[in-house]
Amino acid sequence: MRSAIFSAAVLSVGIAACGLEDYPFLDRVTSGAITVSFTQKAAIRLPSVDSTYFTHFTIYYRIYVSGAYYSEVHTGNMNELNSVLASDYNYFLPYTNTDSTTSTSAMGTLFANRKYYPITLEGANIDAILGSNAFDKTITLDFTETTPRIIPNLSIDNQKYNLQRSTGNGVFRPAPENRYFINTPELNNKDNISNTSINADVIDKSDVVSTRYTYAALYIIVTGIDSYFSPLYSQPTFIGVFYLPLP
């Protein structure tokens, strides 16, 4: 009996010495905190993240060409919209599953490998906008097609910022130059999409012969840096698929 107690004590000390009680972890944004209005708008209540590792919230996106308009996108019509959208969604599904034990340590790389990139903002640092000052606040992502036309935007604290596509840290040069989430001929152009140095964030659909609609799929991740200055990620949460308005 005394031997067993001694062994347990040694094990406990060993675990503490290894630092396992301080295993870096970031809670996810829950799906219940997200309200989606068709393919036009999403409201996201950001949590207060109780972790010294937290740095900011990151929204990842990829754009898909389709031959039809959808007022609502769900698992039943993703493949019809664009088969790559369905493939990407199913790829990330194990990571978004709340019961999953799949490691999220390489989520940044996994998203990049699927050609998903962080959304940016025009004239503002999105990492600062979505930092700790955003705790317990609601952000709105608005892709509504209106007359007169508005640029798809993010709003928080009654401030609106135009959404912009990524440059992949300079790896590609999005067309058009303003990088807005608007379905311009430059954005959905086949040649620009096939050129990975231009629209690497857009995936084509080969059978589209007439009107070329485009949609952006979005995920949100809680992002941080661990004690060894390596990137740290929560589980990703699927936000939705949104229609990009015409110019």
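Me: Which residues of α3 are called buried, and what does the word require?
Reply: In α3, the buried residues are L85, A86, D88, Y89, F92, Y95 and T96. Buried means under 20% relative accessible area; exposed means over 50%, and partly exposed lies in between (1.4 Å probe, protein chains only). This is a predicted model, in which local features need pLDDT of at least 70 and side-chain atom pairs count only at pLDDT 80 or more, while totals for chains, interfaces and linings use all residues. Residues are numbered from 1 along each chain as its sequence is written, and side-chain values use heavy atoms, with hydrogens and water left out.

Me: What makes residues 83-96 a helix, and how do you know that the length fits?
Reply: A helix is a DSSP run of H or I with at least four residues; a strand is a run of E with at least two; both are numbered from the N terminus. Helix α3 has 14 residues. The expected span is 1.5 Å times one less than the number of residues. That gives 20 Å, and the end C-alpha atoms are 20 Å apart, so the two agree.

Me: What covers the buried residues of α3?
Reply: The cover includes β3 (54-66), α2 (78-81), α4 (107-113), β10 (213-225) and β12 (237-243). Contact means heavy atoms within 4.5 Å.

Me: Why is a set of residues called a nonpolar core, and how many residues has the largest?
Reply: The set must hold buried Ala, Val, Leu, Ile, Met, Phe, Trp, Tyr and Cys residues joined through side-chain atoms within 4.5 Å. The largest such core has 45 residues, and F57, I59, L154, L218 and I239 have the most contacts inside it. Strand β3 gives the largest share, six residues.

Me: What does I59 touch beyond four places in sequence?
Reply: Its partners include L130, I139, L141, L154, L218 and I239. A second, separate core has 22 residues, including Y95, M107, Y116 and Y219.

Me: What makes a space a pocket, and how much space lies in the largest?
Reply: On a 1 Å grid over the protein atoms alone, a cavity is a set of points where a 1.4 Å probe fits but cannot get out. A pocket is an open set with protein on both sides within 12 Å along at least five of seven lines. Lining residues have an atom within 4 Å of a point. The largest pocket holds about 440 Å³. Its volume is the space filled by probe spheres set on the points, which are joined across faces, edges and corners. Of its 26 lining residues, T58, P118, T120, S166 and N169 are closest to the centre. Strand β3 supplies the largest share of the lining, five residues.

Me: Why is D201 called buried?
Reply: Its relative accessible area is 0%, so D201 falls below the limit. D201 sits in the loop between α7 (190-194) and β9 (202-203). Among the residues it touches are Y61, R62, K115 and R165.

Me: How do you know that the bond from T147 to P148 is cis?
Reply: Its omega is near 0 degrees. P148 is in the loop between β6 and β7. The bond from A175 to P176 is also cis, with omega near 0 degrees.
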